[in-house]
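Please read the following report alongside the sequence and the model. It begins with the chain as a whole and then turns to some of its parts.

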Amino acid sequence: MSILNEIIFNFENNNKLYIGEKVTMSEHMLQTAMLAEKNNSSNSLVCACLLHDYGHFIVDDPDMMVSKSIDANHELIGYDYLKNYFIPAVTEPIKLHVDAKRFLCRDKSYYNQLSTASKTSLKLQGNSMNDEEAKNFQKLKQKLYLDGGELIREIEFQGSSSGKIKFIYRKND
C-alpha cells in the first residue's frame, strides 16, 4: 500500500477516534489543514497541519493512554514515521507542535481558552514550558528557520475551539 493510500485508509477508518474532544481526530486534522489553506499557508504547512496528529493513528489505543495518564508522544511517533515519506518542511512542524503548545501556554489567556481535553493532554506533555525550555525552544526555531510548529498550534486551536467548521473530504481518482 502506498503512503497516500495508507493515509486515506487511516483517515477513513479511524474517524471515531476522539481523545476527549467534540470532533473526531480525522475531522480535527482536516479542519486544521483547511484553516491553514484558508490562511494562505504554504503547501508544506497545509500538509503538516493535515498530518500533525497522525501519530495518534499509529498508537494502539490513545484513549487508554490518556486514561492511564501516559503521554504517548504522538508528535514524535508521527514524525518518526512520516519523515520517511515527506520533506522536513512537512515533518518538522509535526515534531514541534506539542512543544509549540507548551510554549504558547505560558500565556495564561491562551491556556484558559484550551478545551478540557487539551488541558489534560498538556499536563501529560509536561505542562507549560519553564523559562529555560522556552529559551531553548526559541533557539531551535531560529536554528531551523521554522515557525511551522507554532503555526500548527495556532491553527489547531482555532479549529478545536469552534467545532463548527464544515468540511468536504474528496479523494482524487
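## Overall picture

Of the 173 residues of the protein, 43% count as buried, where buried means under 20% relative accessible area, exposed over 50% and partly exposed in between, with a 1.4 Å probe and protein chains only. This is a predicted model, in which local features need pLDDT of at least 70 and side-chain atom pairs count only at pLDDT 80 or more, while totals for chains, interfaces and linings use all residues. Residues are numbered from 1 along each chain as its sequence is written, and side-chain values use heavy atoms, with hydrogens and water left out.

The protein has 11 helices and 0 strands; helices (H or I, at least four residues) and strands (E, at least two) are DSSP runs, numbered from the N terminus. Among the contacts in the protein with a separation of 6 or more, 66% come from residues 24 or more positions apart, a contact being heavy atoms within 4.5 Å.

## Helix α6 and its neighbours

In helix α6, which spans residues 74-82, the buried residues are His-74, Glu-75, Gly-78, Tyr-79 and Leu-82. Seen down the axis of α6, these buried residues fall within an arc of 130°, so they line one face of the helix; the arc is that of the directions from the helix axis to the C-beta atoms. The buried residues of α6 pack against α3 (43-51), α4 (55-58) and α7 (88-104).

## Two helix pairs

The table gives the axis geometry of two pairs, with axes taken as lines fitted to C-alpha atoms, for helices over the stretch in contact, and angles running from 0 to 180 degrees between N-to-C directions.

| Pair | Axes come within | Crossing angle |
|---|---|---|
| α2 (residues 25-38) and α3 | 7 Å | roughly 165° |
| α6 and α7 | 8 Å | roughly 170° |

The angle in the α2 row makes α2 roughly antiparallel to α3, a term used for angles over 145 degrees. Their contact is made by residues including Met-29, Leu-30 and Ala-33 of α2 and Val-46, Cys-49 and Leu-50 of α3.

α6 and α7 are therefore roughly antiparallel to each other as well. In this pair, His-74, Glu-75, Leu-76, Tyr-79 and Leu-82 of α6 meet Thr-91, Glu-92, Ile-94, Lys-95, His-97 and Val-98 of α7.

Notes: Angles under 35 degrees count as roughly parallel, over 145 as roughly antiparallel, 65 to 115 as roughly perpendicular and the rest as oblique.
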